[in-house]
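Hi,

Here is the structure I promised to pass on to you. Have a look at it first, and then read my notes below.

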Amino acid sequence: MGLFYFFGNTMSNLMSNYSPLDVTFTSGSGCWLTDTSGKKYFDALSGVGVVNLGHCHPKVTESIIEQSQKLLHTSNWYRIERQEELAVRLCELANMDKVFFSNSGAEANETAIKIARLFARQKNIDMPVILTAKESFHGRTMATLSATGNSKVQAGFSPLMSEFIHVDFDDVEAIKQYRNNKNIVAVMLEPIQGEAGVIIPQKDYLNEVNAVCEENDWLFILDEVQSGMGRTGKLFAHQYNNLTPDVLCLAKGLGNGVPIGACLARGKASEMLLPGSHGSTFGGNPLVCNVALRVLDVFEEDAILDNVNAISNYVNNQLKKNLKDSSAVIQIRVKGLMIGIGLDESTIDCTKLLQKALEDGLLINIAGNSIRMLPPLVITQQEVDILIKKIIKLINT
Ligand SMILES: Cc1ncc(COP(=O)(O)O)c(C=O)c1O
């Protein structure tokens with residue numbers, strides 16, 4: 001105990017909510033990370049869908065340096081030029097009217113939930129209810145974990161906010177059955193469920209839900225914290241459906257590693273927040289907005305979406321070709337560079353895979369009985385070949 005203390009058990013001063021793998025990274029470049037011993041790892045997770053442009057993208061790094069030499073932070077009590085510019089850019093890209101900037105995905109979703117409550121007030125609904133999906137993930141604050149359709153995330157935190165009803169994902173009938181319920185104010189969904197292991201709904205599901213929302217004057221809230229920012233091959237996943245939600249939540253890849261979230265809204269939803277009704281000390285400060293603007297530039301300058309679409313096809317074909325005879329693989333789900341490999345737990349022990357992958361220099365995630373991968377969007381074909389080799393080895397040996 002004494003010796004342990006002497007050498008500094010630095011972990012012991014951290015609360016126990018994470019159980020990190022025993023590895024520390026000291027540097028990164030593109031899809032690769034290097035640990036304290038110099039060993040290299042292929043990062044097929046991008047810090048859980050965050051460093052979409054790869055680690056230490058030179059233009060992102062430059063934007064951090066440039067802004068940090070000018071001004072890091074003032075306050076939302078004064079106008080912030082870069083924030084206003086970012087709001088214009090995002091609204092143009094997403095066909096939305098207004099933006100609130102936060103520091104994380106959960107806070108962006110929290111904003112959406114507050115907007116839905118204010119919308120309910122306007123409609124004289126005292127006990128508003130939002131429909132969300134089973135197996136969804138919306139964050140760890142009290143409101144967003146209540147919205148989340150996963151009892152593991154909620155365990156120990158009751159009483160939950162009672163305003164959420166969880167319905168089956170990818171089943172519009174499950175939503176339609178609430179049409180006569182006067183308390184429903186919104187439907188909140190991930191276009192593709194990420195934490196659940198990359199669950200891709202049928203092609204028209206979002207359009208059908210959108211139509212139900214329009215018919216009933218419910219807000220349609222899309223949580224694109226994970227599926228947004230190019231992850232699926234379009235800037236936002238809902239663009240595959242040619243629709244515009246009332247509220248759109250972003251975070252993760254928007255700052256490529258600097259903490260920024262955004263809640264975008266259009267029409268009536270964009271008019272709900274009034275002075276004093278919401279805020280954030282750090283939200284949308286000059287640093288994070290300058291970086292997010294540069295991230296958007298890089299999407300255009302480096303044709304990131306073209307790469308995602310080309311590589312996505314290649315990954316899909318290679319995975320299907322190489323894993324078709326593997327008894328452990330049940331299903332391969334790929335949309336852009338959101339990749340899920342469903343495994344048969346009677347054939348393979350999923351609990352061992354994280355550590356096994358780590359030893360082979362590969363970072364992935366296990367979501368239930370699926371391998372989830374969210375590699376950087378700048379991944380090359382040669383890097384896909386390396387990744388596929390590691391995945392085949394992981395599953396087949
Ligand atoms: C779809 C979705 N929503 C919300 C969140 C929460 O985001 P954050 O961890 O930035 O609060 C996540 C995080 O994984 C997510 O995937």
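A polar side-chain atom of Q226 sits 2.8 Å from an oxygen atom of the ligand, which I call a polar contact (a pair of N or O atoms within 3.5 Å; within protein, one must be able to donate a hydrogen and the other to accept it, and residues adjacent in sequence count only if both atoms are side-chain atoms). On its own the ligand would expose 390 Å², and the protein buries 82% of that (accessible areas are from the Shrake-Rupley method with a 1.4 Å probe; for residues, only the protein chains shown count as cover).

Before you go further: this is a predicted model, where local features need pLDDT of at least 70 and side-chain atom pairs count only at pLDDT 80 or more, while totals for chains, interfaces and linings use all residues. Residues are numbered from 1 along each chain as its sequence is written, and side-chain values use heavy atoms, with hydrogens and water left out.

Back to the ligand. An N or O atom in the side chain of E195 is 3.4 Å from an oxygen atom of the ligand, and a backbone N or O atom of F137 is 3.4 Å from a ligand nitrogen. There are 13 residues around the ligand, and G105, A106, D223, Q226 and K252 come nearest (a residue counts as near if one of its heavy atoms lies within 4 Å). Helix 5 (residues 105-122) gives the most to this shell, with 3 residues; helices here are DSSP runs (H or I, at least four residues), as are strands (E, at least two), numbered from the N terminus.

Now the domains. The assignment, which is automatic or from a database, gives domain 1 (16-53 + 303-396) and domain 2 (60-301). Their contact takes 27 residues from domain 1 and 29 residues from domain 2, with contact meaning heavy atoms within 4.5 Å. Between them the two domains bury about 2,200 Å², 60% of it on carbon and sulfur atoms (buried area is the accessible area, 1.4 Å probe, that two parts lose on being put together, summed over both).

Most residues other than glycine have a negative phi, and most peptide bonds are trans. S46, not a glycine, has a positive phi of about 55 degrees, and its place is in helix 2 (residues 46-49). The peptide bond from S158 to P159 is cis, with omega near 0 degrees; P159 is in the loop between helix 7 (151-154) and strand 6 (164-167).

Cheers
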